[in-house]
Amino acid sequence: MSDLLMPKLSDTMEEGTVLKWLKADGDAVAKGDPLVEIETDKATMTVEAPESGMLRIIAAEGDTLDIGAPIAAIGEGGAAAVAEDPGATGVIEIPDAPTQEIEAVVAADAAPAAASAPAVEAAQAAEQGGPQGIPTADDGTADSIAAAFAPADVNATAEHMAASPLARTIAARAGLDLATVRGTGPGGRIVKADVEAALAGAPAGTTMAVPPPGAASAAQPAAVVLEPWPAGRRTPLTRLQRTISTRMEQSNDIPGFTLERDVDTTALAATRADLRVALPEHNRPSVNDFVIRAVAMAARERPDIVSRIDGDEYVVPDAVDVGVAVSVPGGLIVPVIHDADSKGVSAIAAEVRDLAGRGRSGALRPDELEGSVITVTNLGMFGIDRFQAVINPGEAAIIAVGRGVSKPVVVEDEVVVRDVMTLSLSVDHRVVYGAEAATFLGRVAELLEHPAALLV
């Protein structure tokens, strides 16, 4: 049998969580079968079987493992063959994600409040600093697989116990001897829940790492005493929510400003009405699709708006890749319309629908979440008139779209009723200045007020 290792599914991924096995332990799988859902720091992705054979599951659902850690084995002969002939175990390379820089997962308008980090989170953070080399048959992987399939042995030494990396980290930090813990994972493997249960039960022979009295340095500032939170239902943050929290904290380091402009969308409404007759339903563009098209065209004309600082260099990207904020259960993702300036508005409409649908079901590829240089976020459909969005770190600008309303405006000295919506452009002031931002926003407004230009 050969190991299936935790793949690297994004440039920023350091560990992944086995969310759901799509095949059962012992099932025969064919190459290309959907095998397991892995939660990364960006999204949930489905990993396919890289070859055919019998599946032996090593990592339980809920286990968080470093990249390169074995999550399963596939081959002929089952676990017994592995235990009898560890040297027969090889490694199946699951292709990693493309290595281009990933800049966008988070847009702006939704940032879950960061809860205080529990002890497990601290253990995970410490674990990220550890070695992440891909194990081979020579570095103990075969032994660990054999142990994983063997019955639990509470008398085994801790270093030979089959346990998840997270379980080992938590146990080490708590001073808990893994040999005293009975595993409930596949083949008796010790998982995080086993360690937590053992710690809660305070089994004999375990010791907790408790700082001695007076250990705190007199030079250290006094601990801040926080008011206790009221009672309530608590659930751990998902990896996506933790990423959003981190990215929003990073956005505080961006010195930015926001410009607002009302846009007359009367002509745009008429154009959309015509297209509803001319185009099939799946290709009919929304107002947001027109905004994406207008932003992409304006960014092509004014590439300074999508520039960025990279170390000591000022970088203007070659492509205009526009991110689109999409709400998903438990968070927010930003799939990317690549080369949006070269696509028609109906093509953009179809692509946005496809990406949003697959994003909500966790079926996006890593390359569909990376590379955006500016983001469009829209809360108009929720009745929001205008709002200031937070710049996604790595980008220099984000444009927020409010709802369209009919209201009286003055046109050629006469008060008339027009359709109007508000655009808010937030920019990174380190690379984009006031006049540039105003010119860009004005061009976007001009294109939307003359929508025929967006259909070319």
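## A walk through the predicted chain

The protein chain folds into 10 helices and 20 strands, where helices (H or I, at least four residues) and strands (E, at least two) are DSSP runs numbered from the N terminus. This is a predicted model, in which local features need pLDDT of at least 70 and side-chain atom pairs count only at pLDDT 80 or more, while totals for chains, interfaces and linings use all residues. Residues are numbered from 1 along each chain as its sequence is written, and side-chain values use heavy atoms, with hydrogens and water left out.

Let's begin with the whole chain. Of its 456 residues, 45% count as buried, meaning under 20% relative accessible area, against over 50% for exposed and partly exposed in between (1.4 Å probe, protein chains only). The chain exposes about 21,800 Å², and carbon and sulfur atoms supply 54% of that area; accessible areas come from the Shrake-Rupley method with a 1.4 Å probe, and for residues only the protein chains shown count as cover. Among contacts (heavy atoms within 4.5 Å) with a separation of 6 or more, 68% join residues 24 or more positions apart.

Now for the interior. In soluble globular proteins, nonpolar side chains tend to be buried together. Here the largest nonpolar core has 79 residues, and I71 and L448 have the most contacts inside it. Such a core is a set of buried Ala, Val, Leu, Ile, Met, Phe, Trp, Tyr and Cys residues joined through side-chain atoms within 4.5 Å. Helix 8 (residues 287-301) gives this core its largest share, nine residues. A second, separate core of 10 residues includes A163, L176, L178 and I190.

V36, in strand 4, is the bridge partner of W21. Strand 2 (residues 15-21) and strand 4 (residues 34-39) pair in the antiparallel sense over four bridges; pairing requires at least two DSSP bridges between two strands. They belong to an open, antiparallel sheet of four strands in the order 5-4-2-7. Strand 5 (44-48) and strand 7 (64-66) stand at the edges with a single partner strand each, so one side of each has no neighbour in the sheet.

Finally, visit N378 in strand 17 (residues 374-378). N378 counts as buried because its relative accessibility is 15%. The side chain of N378 makes a polar contact with the side chain of N288 (3.0 Å) and reaches the backbone nitrogen of G380 at 2.6 Å. A polar contact is a pair of N or O atoms within 3.5 Å; within protein, one must be able to donate a hydrogen and the other to accept it, and residues adjacent in sequence count only if both atoms are side-chain atoms.
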